[in-house]
Amino acid sequence: MIKMVSMDLDETLLTTDKVITESFESFVKKLKSNNIIPVVATGREYYSAHKFVGNKVDIDLICNNGNVIRDNLSGKVHYVNPISDEDLKRVMAFDDNDKVFTSLHIER
């Protein structure tokens, strides 16, 4: 039994021109009508993912490499798991030359 379908954006739902596939909205509706939960899981942050998914698709977006889950239509946060200040400092201390560029989810 299939309970959930998780889809990535880049090189999966987005064309090479960075446009969401035409069949995405109807695909999501078909999944839901068959009691299958559709989600988009991406390393992108919410606002970037939402821009691609659009304003009409009722789907949850798992963003920031799994650190945030938000409702695409309302923006409501279902889950957030930011890195602590202490852990952030520990991770960044490994970069002796200030040359590492990373995306870490923090909340203040």
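Q: In which sense do strand 3 and strand 4 pair, and over how many bridges?
A: Strand 3 and strand 4 (residues 68-71) pair in the antiparallel sense over 4 bridges, and they count as paired because two strands pair if DSSP finds at least two bridges between them. Ile62 has Ile69 in strand 4 as its bridge partner. The two strands form a hairpin with 4 residues between them, and Asn64 in the turn has a positive phi of about 50°. Helices (H or I, at least four residues) and strands (E, at least two) are DSSP runs, numbered from the N terminus. This is a predicted model, in which local features need pLDDT of at least 70 and side-chain atom pairs count only at pLDDT 80 or more, while totals for chains, interfaces and linings use all residues. Residues are numbered from 1 along each chain as its sequence is written, and side-chain values use heavy atoms, with hydrogens and water left out.

Q: What makes the crossover from strand 2 to strand 3 right-handed?
A: Strand 2 (residues 37-41) and strand 3 (residues 60-63) run parallel and are joined by 3 bridges. The chain passes from strand 2 through helix 3 to strand 3 in a β-α-β crossover that is right-handed, a word used if, with the strands pointing away from the viewer, the path from the first strand over the helix to the second runs clockwise.

Q: Why is Ser48 called buried?
A: Ser48, which lies in helix 3 (residues 46-53), has a relative accessible area of 17%, and it is therefore buried, since that word means under 20%, with exposed over 50% and partly exposed in between (1.4 Å probe, protein chains only). Lys56, by contrast, is exposed, with a relative accessible area of 65%.

Q: Why is the contact between Asp10 and Arg44 called a salt bridge?
A: The closest N and O atoms of Asp10 and Arg44 are 2.8 Å apart, and the pair therefore qualifies, because a salt bridge is a side-chain nitrogen of Lys or Arg within 4 Å of a carboxyl oxygen of Asp or Glu. The pair links distant parts of the chain, with Asp10 in helix 1 (residues 9-13) and Arg44 in the loop between strand 2 and helix 3, 34 residues apart. Asp10 also meets Lys18 in a salt bridge at 3.2 Å, N to O, and Asp10, Lys18 and Arg44 are linked in a network of salt bridges.
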